[in-house]
Amino acid sequence: MPTPNASAPRRWHGEARDNVSGLVKPRGNSTTVADVLGRLEGVRRSGDGWAAKCPAHPDRHASLSVSEGDNGRPLLHCHAGCTFEAIAAAVGKVRGDFAQRPAAPRAPKPPKAEAGELVSPIPEDAPPIPAHPAHGRPAATWTYRDPEHRPLFHVCRFDHADGRKDVLPLTLWREDGALRWRWKGYPKPRPLYGLHRLAARPDAPVLIVEGEKAADAVGALLPDFVAITSPGGAANAKHADWSPLAGRRCIIWPDADEPGAAYAADVDSLALEAGAAAVSRVDLDALEAVRGESLPKGWDAADALAEGLKVAELPTLAANDADEPAAPEPPRLPRFEVVEFRKGWRNGVYWLGVERDKMTGDERPEPPVWVCSPLYVTANTRDELGGEWGRLLVWIDRDGRAHRWAMPCETLAGSGEELRGALLRGGVEITSHPHERRRLADYIAWSRPAITARAVTRTGWHGSAFVYPHRTEGDTEAEPILYQAAHVEGLRLGTAGTLEGWRAKVAMPAAGNSRVVLALSASFAAPCLGLLGAEGGGLHLRGESSTGKSTALSVAASAWGPPDYLRTWRATDNALEGIAAQHSDLLLCLDEMGELPPKVAGATAYMLANGSGKSRAHRDGTARAAARWRLLFLSTGEIGLADLIAEAGGRTRAGQEVRVIDLPADAGAGLGLFERLPAGMRPGAFADALKDAAAIHYGHAGPAFVAELVKRHGEARDALRTACDAIAAKMVPADAAGQVRRVAQRFALVAAAGELATEYGLTGWREGEAARAAAVCFRAWLSARGTAGAAEPAAMLAQVRGFLEAHGESRFAPMDQADNRATINRAGFRRETSEGTEYLILRESFREICTGFDHKAVAKALAEAGALTRDNDGGTTKPERLPGLGLTRCYVITAAIWSAGNA
């Protein structure tokens, strides 16, 4: 376009003159916005100002922004890069007639306060898409996704009998802990439709259309392009986030009407502002020639697809500026390609190969080979040390449910059967052809996604983010965090009902029942371990059948998932390692300890509590990293850990007692597990009511608690630490041993978590309810233990007593035996005193009695309990004249052994 003549004002186009003249008034002799707009072409409203073709360069795209400054002077800016001086000269005015370059943009208005919190991405357990209260069920639904293919929100179209159409956005919100759909827009700036396509094909040219239906149609019309659009229709392009177009080559296909032309002009400027490498538009006149007749009003890509129009030459129809590059050539063969919505093609991943003519040597395309249903490789994954590389795979199953799996790259080793098995279980359809199905591993291995995420191999806290198997709470776009494992089965998270229903039907009725409140508080305590750096461990409810143990387990599990969130002890130690890694910082519920093999009971308890699996080796003998976790588990059974260990011929260590706290399930009120019942209900009916409610309302309280911990990370940690110390101080007796204090800390942590959940409005309990329940249970544990002192001395005394009870007559010869009858396998002698029977134990036999303990420590414990006579120098052995042995040093156990250490 030639430089305009200053003496010849430009004419107005369309309605622009009327729109401007009524809004901008001349001010004295100064140049006004109206003066400037009168000298420009292609003037139209744009936001708070105007857009027009820049007179300083051949402009097809309305690249010039015009607005009014505070002093009434016009503000000019060319998005194509023309200088202010060049624009002013072209308009025909001297620099002094204008204000400086555009002022800083106005501060955005603060957003209106919202009731609730937007939930995006949409979780897998979101409620189904509802019917609109006025329009009914949508005729079509389009899902906006992020670059990782996760759904963000929906756009729904409603068709009416009179031909009208309504298009409404649908977003997910969390209100009072429950997920609810709202027929309202996504907050600004809004994401583009097709972000996952952009991420999957970083080198493909971008075709920008108006409307989601048209964007889907482009996939069938022009498979070499990535199609996108913005939400909200033609008038709302400025409210979208166009930054993903940075560095991309873009072509705009406008609708054949005035709103379409305005939308194209807006997008042109916005894409250039976002850093697009080049932007051009389809010449609708040339497209009309291809069609052979005039374009109907509003005609777009969807209409072209419906008509079967051949638009393969679309790139040549783009009205490129002279300095813009030509459209890129189609990608070279061979390659893999994901095809969706292409006419005549089955959706899926295709291998597009080449074959060579044996006669001429020329290469030609092979017939496309279908490999599997659509599967996107959206990100690379690796751990913080640069190892454990993997790929993030995303797909949608036949039910329309989105899946994501951070697949370890080591899964690609071998024949690929493990990989195909995992994908088949997740709903991916794979070709049955033996040769072609092997291409699936090649497709994943050859993909080069632009995004790299951090991979972790256990759930729970990683910094200030909390990782679930299928999502992460609190990570950032700069470094997404993903759970990566060879398999994703094993953790049954899910939601049903509402948080309000769970609070009213499960948590609140439990108040007043110490064991049930403790179990519910434990479900909140599990994610608190990581915040406080607390040691892992378990709570075991032991009692006879029908006391209500499974009820406590069911209500605790309902904070996180459905009834099948529960697991059982019936598993190998290898399987329990994998289960523990998936439940790190989550409550693990294990039923029926009696199903645990007695030989591995003690080792298994140590493993779960210590947070580390077995160390294993690779095939070459080098060490493989052991699985790690941080775990609080809740267990039930008719027998305890000590009973299982004893059944295998072992004995319980004090460390096992601390790691797995054995608590009587019977609360001692004659009501089994309960101490208080609702009016008119018996224990069995109350237990059934709690379990029924837990099967209807579940999966809300635990994630809601974690969301609050993420949001208030430092504050929550300080509050928990303070409450935990205060509660433990009230529980622990002054003379308590270290082991008892460690157990008290576990109870205190559970109590503090329950109190914090109450403060967050999740339980409906009164303040102090969780602390009261924990104190009652701690006293019950201490009473069953029998002492507040260390457990080892009591165990030592018990072991010596047990030996004397079993062998006191058979292996200890009487000191005054007259017939010199032989004693088989003699351990020592016995003699009667006024205080009772004394046992004189030979030194080597004493070591046998102390098996499993240090014999010196046992002797010291016996002496301190008054059950062993010391010599004159304070030694634990003393010389005695024994029949047939003469003067011999031995251990003299007094009759006080039968009362020593007893409560």
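Strands E15 and E16 (residues 348-352) pair in the antiparallel sense over five bridges, where strands are DSSP runs of E with at least two residues, helices are runs of H or I with at least four residues, both numbered from the N terminus, and two strands count as paired if DSSP finds at least two bridges between them. Across this pairing, Glu 337 stands opposite Tyr 350 in E16. This is a predicted model, in which local features need pLDDT of at least 70 and side-chain atom pairs count only at pLDDT 80 or more, while totals for chains, interfaces and linings use all residues. Residues are numbered from 1 along each chain as its sequence is written, and side-chain values use heavy atoms, with hydrogens and water left out.

The two strands belong to an open sheet of three strands in the order E15-E16-E19, with antiparallel pairing. Its edge strands, each pairing on one side only, are strand E15 (335-339) and strand E19 (369-372). On average, and with direction ignored, neighbouring strands of this sheet are turned by 35° against each other. Helix H10 (residues 439-446) packs on the sheet and touches E15, E16 and E19, its direction making about 95° with that of E15; here contact means heavy atoms within 4.5 Å, and axes are lines fitted to C-alpha atoms, for helices over the stretch in contact, with angles from 0 to 180 degrees between N-to-C directions.

We turn next to the aromatic side chains. Rings of Phe, Tyr and Trp (its six-membered ring) pair if their centres lie within 6.5 Å, and planes under 30 degrees apart count as stacked, over 60 as edge-to-face and the rest as tilted. By this rule there are 22 aromatic pairs. One of them, formed by Phe 705 and Tyr 760, is tilted, with 5.9 Å centre to centre and 45° between the planes. This pair links distant parts of the chain, 55 residues apart, since Phe 705 lies in helix H20 (residues 701-711) and Tyr 760 in the loop between helix H22 (738-759) and helix H23 (769-785). Both Phe 705 and Tyr 760 are buried, a term for under 20% relative accessible area, with exposed meaning over 50% and partly exposed in between (1.4 Å probe, protein chains only).

The rings of Phe 803 and Phe 812 have centres 6.4 Å apart and planes at 85°, so this pair is edge-to-face. Phe 803 is buried at a relative accessible area of 12%, and Phe 812 is buried at 0%. Elsewhere, ring pairs link Tyr 144, Phe 153, Tyr 186 and Tyr 193 into a cluster.
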